[in-house]
Amino acid sequence: DGGVQARRVAVLVADGADVGGIQPLLESLTAAGAVARLVGPRLGRLMTAGGHDVEIDTPVDAMPSALWDAVILPDAGGSDARLLDGRVLEFVKDQYRHCKPILAVGAGQAVLAKAGVPTALPDGAPDPGLLMAAPGDVDPGGFMAALAKHRHFERETDPPRV
């Protein structure tokens with residue numbers, strides 16, 4: 001129906017991730033019927049930027065990118081362990097290659113750069129499925145619209161750029 005109901009969104013986190021900064025977006029997704037899950041480096045708990053202990057729903061190597069409809073890379077502040085995790089970088093590359101929506105907040109944009117994800121389409125136009133936001137400035141409506149479209153085939157190239 002063009003909505004986001006039942007869409008699965010991976011929130012790629014590591015210790016120090018700012019999950020609280022995307023809380024309004026996560027609440028909007030849940031209210032619309034989408035399913036957002038915390039995907040981390042391992043099962044168990046991790047400490048967020050706000051000092052909260054959160055439970056990881058699934059490790060990144062147990063649920064490959066193809067099983068998710070979109071990914072959110074929350075801000076991580078200083079040292080971001082996601083930059084050193086090849087599994088996370090491959091996950092992000094695959095989301096890009098599959099033309100799925102990606103939201104990078106603050107330091108989450110460094111993960112895109114490390115993964116080699118281009119910030120524009122091949123013709124130089126902005127990628128409507130690649131959203132970037134400053135911490136505290138996440139637009140739930142923009143991400144929901146990108147997720148509702150499901151795929152952003154205008155970024156597709158053969159061979160893939162990433």
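Tutor: Before we start, helices here are DSSP runs of H or I with at least four residues, strands are runs of E with at least two, and both are numbered from the N terminus. This is a predicted model, where local features need pLDDT of at least 70, side-chain atom pairs count only at pLDDT 80 or more, and totals for chains, interfaces and linings use all residues. Residues are numbered from 1 along each chain as its sequence is written, and side-chain values use heavy atoms, with hydrogens and water left out.

Student: Okay, where does Lys 114 sit?

Tutor: Lys 114 belongs to helix α3, which covers residues 108-115.

Student: Why is Lys 114 called exposed?

Tutor: Exposed means over 50% relative accessible area, buried means under 20%, and partly exposed lies in between (1.4 Å probe, protein chains only). Lys 114 has 51%, so it counts as exposed.

Student: What does Lys 114 contact, leaving aside its neighbours within four places in sequence?

Tutor: Leu 83 and Leu 89. Contact here means heavy atoms within 4.5 Å.

Student: What makes Arg 87 and Asp 85 a salt bridge?

Tutor: The rule asks for a side-chain nitrogen of Lys or Arg within 4 Å of a carboxyl oxygen of Asp or Glu. For Arg 87 and Asp 85 the N to O distance is 2.8 Å, a salt bridge. In general, side chains of opposite charge can pair when their charged atoms come close.

Student: Are those two partners buried or exposed, or in between?

Tutor: Arg 87 has a relative accessible area of 35%, so it is partly exposed. Asp 85 comes out at 12%, so it is buried.

Student: How do you know that Lys 93 and Glu 90 form a salt bridge?

Tutor: Their closest N and O atoms are 3.5 Å apart, and the pair is a salt bridge. Both sit in helix α2 (residues 86-97), and because they are three residues apart there, about one helical turn separates them. Glu 90 is partly exposed, at 37%.

Student: What about Arg 155 and Asp 127?

Tutor: Their side chains meet in a salt bridge at 2.8 Å, N to O. This pair links distant parts of the chain, 28 residues apart: Arg 155 is in the segment after α4 (140-149), and Asp 127 is in the loop between α3 and β8 (130-133).

Student: Why are Arg 155 and Asp 127 called buried?

Tutor: Arg 155 has 2% relative accessibility, so it counts as buried. Asp 127 has 4%, so that one is buried too.

Student: How many salt bridges are there by this rule?

Tutor: Ten. There is also a network of salt bridges linking Arg 45, Asp 53 and Glu 55.
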